[in-house]
Amino acid sequence: MRHAAILITALLGTWAFAAGEPGATVTRSAEDAGARVTVTGRETIRTGEPLAVDFTVERPAGSSVIVPALKSALDPWEVRDTHALPSDPANPGRTTERITLVTFESGELKVPSLTFRIRAADGTERELKSPELPVTVQSLLADGFDPSRIRDVKGAVEIPLGARWPWIAGGVAM
């Protein structure tokens, strides 16, 4: 019974750590000539934790949006996944692209701005830049961590021949 209680406590502690604080959501918007781009993502994450960022473009009827081609990295972020979210039939002028980012840096970071192109029905294009999204990335290291206390690896240890002969004899016997 005691082992079961310890196991349950350990599992709940691991789950609570993995789940982390949900964090508040941050939303930033920019508008230009009837089109609007909104960026939404979590305000706080931990290093190495995926961050889903939604870029929603609302455009005038009859126009289309060209989503920028993303590189594998948006410094200091690494792009893990990108895909369009299903469109809402009630809102045909809205397009949402979800990008999953990861970073191993900590501190006050920003998801960089992306440039979307809006193509009007007459073929003219204009650019719409998304605002940057501030994100606090918390380190997983303990508060008292001091990198100056890290010691170098020691050299190889010599094993006396007397301790090697059983291994040699066993290898020869095989």
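**Sheet arrangement and a cis peptide bond**

Arg117 stands opposite Glu127 of strand 11. The model is a predicted one, in which local features require pLDDT of at least 70 and side-chain atom pairs count only at pLDDT 80 or more, whereas totals for chains, interfaces and linings use all residues. Residues are numbered from 1 along each chain as its sequence is written, and side-chain values use heavy atoms, with hydrogens and water left out.

Strand 10 (residues 115-119) and strand 11 pair in the antiparallel sense over 5 bridges. Strands are DSSP runs of E with at least two residues, numbered from the N terminus, and two strands pair if DSSP finds at least two bridges between them. An open sheet of 3 strands, with antiparallel pairing, has the order 5-10-11. Strand 5 (64-66) and strand 11 (125-129) are at its edges, each with a single partner strand, so one side of each lacks a neighbour in the sheet. On average, neighbouring strands of this sheet are turned by 30° against each other, direction ignored; the axes are lines fitted to C-alpha atoms, and angles run from 0 to 180 degrees between N-to-C directions.

A further open sheet consists of 6 strands in the order 1-2-4-8-7-6, and its pairing is antiparallel. Its edges are formed by strand 1 (25-32) and strand 6 (73-74), each with a single partner strand, so one side of each is left without a neighbour in the sheet. Strand 1 pairs with strand 2 (residues 35-42) over 8 bridges in the antiparallel sense, and Arg28 stands opposite Val39 in strand 2.

Pro76 lies in the loop between strand 6 and strand 7 (77-84). The peptide bond from Asp75 to Pro76 is cis, with omega near 5°. Most peptide bonds are trans.

How values were computed. Helices (H or I, at least four residues) and strands (E, at least two) are DSSP runs, numbered from the N terminus.
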